[in-house]
Amino acid sequence: MPQPKNVKSELYHEVPSVDRSLNTPWIARLIEQEGRAPVVEAVRTVLSRIRTEIAQGHLADRESVRRAIGHLDDAVTQQLRAAMEFSLKRVINATGVILHTNLGRAPLCETALQRIHEVARVYSNLEFNLGKGERGKRDVHAERLFSRLLNQNGVSDVKTVVVNNCAAAVLLALNTLAEGGEVIVSRGELVEIGGSFRVPEVMTKSGAVLREVGTTNRTRIEDYERAINENTRLLLRVHRSNFAIIGFTEQPSLEALAALGRKHGIPLMEDLGGGALVPMRRFGIDEGGVLESLRAGVDLVTYSGDKLLGGPQAGMLSGRPELIGRIRSNPLFRALRVDKLTYAALEGTLIEYLRQTHQEIPTVQMMALPATSIRDRAMAMIEQLKAIPDLSAQVVDGFSLIGGGTAPSATLPTFLIAVSINGKSADELSRCLRNADPPIVARVEEGKVLLDLRTVFDRDEIFIGNAFTKLSMAKTEIAAAESS
Ligand SMILES: *Cc1c(COP(=O)(O)O)cnc(C)c1O
C-alpha cells in the first residue's frame with residue numbers, strides 16, 4: 001500500500017548519518033583493518049540502499065527500518081568484502097577441457113612459479129649484460145633454452161624470439177617478411193581462432209596481401225606453384241585449430257611446400273598455434289610439434305606459450321637466424337615484447353622439458369593421466385557425495401578435450417561424474433557451483449551437470465565435496481523455513 005509522505009519522512013529520520021554510523025566500535029575496527037576510505041564508501045552505500053528501500057516501500061514501518069539499521073555492521077562488512085574482492089580469481093576447472101581459453105589456459109608448473117617469485121620481487125638482469133657490465137637485450141633469456149630444445153634431431157641453427165602471444169607473433173612475422181608483398185595461403189586454412197583472430201584480417205593489418213589458392217577441401221602443390229610471382233614474399237601454412245576438414249581432402253605435405261619455397265627462394269612459415277615440445281602422439285593425440293615442423297623444412301614457426309607448451313601467455317617465433325634477425329629489428333617487436341614475469345615463467349617451464357621432467361607441467365600431466373585413475377578418483381568422490389541428502393551421482397564414461405587450438409577431434413577418454421539434486425535443474429545447479437568459493441565450472445550436457453576430474457587438481461577435490469554439502473544444507477534450510 002502506498003504510504004503517506006509524512007510517515008516516510010519519519011522513517012528516513014530513523015536512518016543514522018554516515019558520521020554517526022562510523023562511530024561504532026565495530027566500524028572503527030573495520031577502518032583499522034581496511035582503511036578509512038573504503039569503509040566510509042561501504043557505509044554510504046549501505047545507508048543509501050536503506051533509504052532507497054524506504055522510498056520504494058520495501059521498508060514500510062519503523063520496526064523493519066530499525067531492524068535493517070540493527071544489521072548495519074553485517075551489511076557494511078559484506079559490502080566492503082564485495083567491493084574489495086579481486087576481480088581475477090582462482091576457479092576449479094571441472095570441464096575436462098585442459099587448455100580452456102576462458103579459464104586462463106595453462107596452469108603454471110612449480111618451477112615457473114619459483115622463477116617468478118625469485119625474479120619479480122627484486123631487480124634482475126632483464127636488459128643488462130652482466131659479463132660486459134653494459135646494456136643487454138631482454139630477448140636473450142628464453143632464447144638459450146629454446147635453442148637447446150629445438151636444435152636437435154637434424155635441426156640446427158634455429159633461433160627464437162618471444163612476443164606477447166601467438167596472434168602478435170603472426171602479425172609481426174607477416175609484417176616483417178611480407179609487408180607490401182603477397183602471401184600464399186590455402187583456402188582451407190583461412191582460419192578464425194576465438195576472440196576475433198582471423199587470418200585474412202591479420203594479413204590486412206600486417207600490410208601483406210593475401211593470395212588464396214586451392215579450394216576449401218583440396219589444395220595441391222601445383223596451386224601454390226602457379227600463384228608464385230615476383231611479388232610473392234611468403235608461403236604460409238596455418239594450423240587448422242578448432243575445426244577439421246574430412247572426406248575428399250588434400251593438402252601438400254610440409255616437406256613439399258618447403259621444397260617449393262627453396263626452389264623459388266621464398267620462405268615457408270607455419271602458424272602452428274599449439275606448439276607442442278613433446279610428441280603428442282604419445283598421449284594418443286594426432287598433433288605435430290614444433291620440432292616436427294622445423295625438421296620438415298619450415299623456415300619459421302609461430303606458436304603459443306600457454307597452449308600445448310603449458311607455460312605463460314606468450315607467442316614464439318622460431319626459425320632461421322636471418323629471418324629472426326629481421327623480425328628482431330622491426331619496431332613492432334618493441335611494441336609486442338613481453339615482460340620479465342613472462343621470461344621467468346617461460347624459462348621455468350622450458351627447463352622441465354630440458355630436464356625431461358615435463359610431467360611436472362600440469363597440462364602435460366593432465367594429458368598423460370590414464371582414464372582408469374580418473375575413474376578411481378570419481379568413484380571415491382561419489383562415495384563421499386552419496387551421504388548428501390537429495391543428491392544423486394553416478395560415474396559415466398566420456399571424453400576430455402585438449403582445447404587451446406588443437407583439433408576438435410583431439411580428445412582423451414575419461415570418466416565423468418553426472419550429478420543432480422532433487423528439485424534443481426542442471427542450469428540452476430551449475431549456477432550454484434559457479435557461486436561456490438572457489439567457483440566450480442562444470443559442463444552441462446543433455447540436462448545433466450557433468451564433472452571431469454582430469455582437470456581438477458587432487459588438492460582441490462575437497463572443494464567440490466564441500467560445495468555440494470553446502471548446497472544441500474542451504475536447500476534443507478530453505479525447505480525448513482518454508483514449512484514453518
Ligand atoms: C591459438 C592460435 C593462435 C592465437 O594464439 P594466441 O596465443 O591465443 O594469440 C594463432 N594461430 C593458431 C593456428 C592458433 O591455434
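User: At what angle do the axes of helix H4 (residues 36-55) and helix H6 (residues 72-84) cross, and how is that orientation classed?
Analyst: In this predicted model, local features need pLDDT of at least 70 and side-chain atom pairs count only at pLDDT 80 or more, while totals for chains, interfaces and linings use all residues. Residues are numbered from 1 along each chain as its sequence is written, and side-chain values use heavy atoms, with hydrogens and water left out. The axes of H4 and H6 come within 9 Å and cross at roughly 120°, where axes are lines fitted to C-alpha atoms, for helices over the stretch in contact, and angles run from 0 to 180 degrees between N-to-C directions. Angles under 35 degrees count as roughly parallel, over 145 as roughly antiparallel, 65 to 115 as roughly perpendicular and the rest as oblique, so H4 is oblique to H6.

User: Which residues of H6 make the contact with H4?
Analyst: Contact means heavy atoms within 4.5 Å. On the H4 side the contact is made by Pro-38, Val-39, Ala-42, Val-43, Thr-45, Val-46, Leu-47, Arg-49 and Ile-50. On the H6 side the residues are Leu-72, Ala-75, Val-76, Gln-79, Leu-80 and Met-84.

User: How do the residues of the contact of H4 with H6 divide into nonpolar, polar and charged?
Analyst: Ala, Val, Leu, Ile, Met, Phe, Trp, Tyr, Cys and Pro count as nonpolar, Asp, Glu, Lys and Arg as charged, and the others, Gly among them, as polar. On that scheme the contact of H4 with H6 has twelve nonpolar, two polar and one charged.

User: What is the handedness of the crossing of H4 and H6?
Analyst: A crossing is left-handed if the near helix is turned anticlockwise from the far one by less than a right angle, and right-handed if clockwise. For H4 and H6 the crossing is right-handed.

User: How are H3 and H6 oriented to each other?
Analyst: The axes of helix H3 (residues 25-34) and H6 come within 10 Å and cross at roughly 15°. The crossing of H3 and H6 is right-handed. The two helices are therefore roughly parallel.

User: Which residues in H6 does H3 meet?
Analyst: H3 contributes Trp-26, Ile-27, Leu-30 and Glu-34. The residues of this contact divide into six nonpolar, one polar and two charged. In H6 the residues met are Asp-73, Val-76, Thr-77, Leu-80 and Met-84.

User: How far apart are the axes of helix H8 (residues 140-150) and helix H16 (residues 340-354)?
Analyst: H8 and H16 pack at an angle of about 20°, which makes H8 roughly parallel to H16. H8 passes H16 in a left-handed crossing. The contact has ten nonpolar, one polar and three charged residues. The axes are 9 Å apart.

User: What is the radius of gyration of the chain, and what does the globule rule give?
Analyst: The secondary structure comes to 20 helices and 18 strands, with helices (H or I, at least four residues) and strands (E, at least two) being DSSP runs numbered from the N terminus. The C-alpha trace spans about 90 × 55 × 45 Å along its principal axes. The radius of gyration is taken over C-alpha atoms, and the globule rule is 2.2 Å times the number of residues to the power 0.38. The chain is more spread out than a compact globule, because its radius of gyration is 29 Å, well over the 23 Å that the rule gives for 484 residues.

User: Is Ala-276 buried or exposed, and what is its relative accessible area?
Analyst: Ala-276 is in the loop between strand E11 (268-273) and helix H13 (290-295). Leaving aside neighbours within four places in sequence, Ala-276 is in contact with Gly-289, Val-290 and Leu-308. Buried means under 20% relative accessible area, exposed over 50%, partly exposed in between (1.4 Å probe, protein chains only). Ala-276 is buried, at 2%.

User: What is phi of Asp-390?
Analyst: Asp-390 lies in the loop between helix H18 (371-385) and strand E14 (391-403). At 42% relative accessibility, Asp-390 counts as partly exposed. Although Asp-390 is not a glycine, its phi is positive, about 70°.

User: Which peptide bond is cis, with omega near -5°?
Analyst: The proline concerned, Pro-438, is found in the loop between helix H19 (426-434) and strand E16 (440-441). The cis bond runs from Asp-437 to Pro-438.
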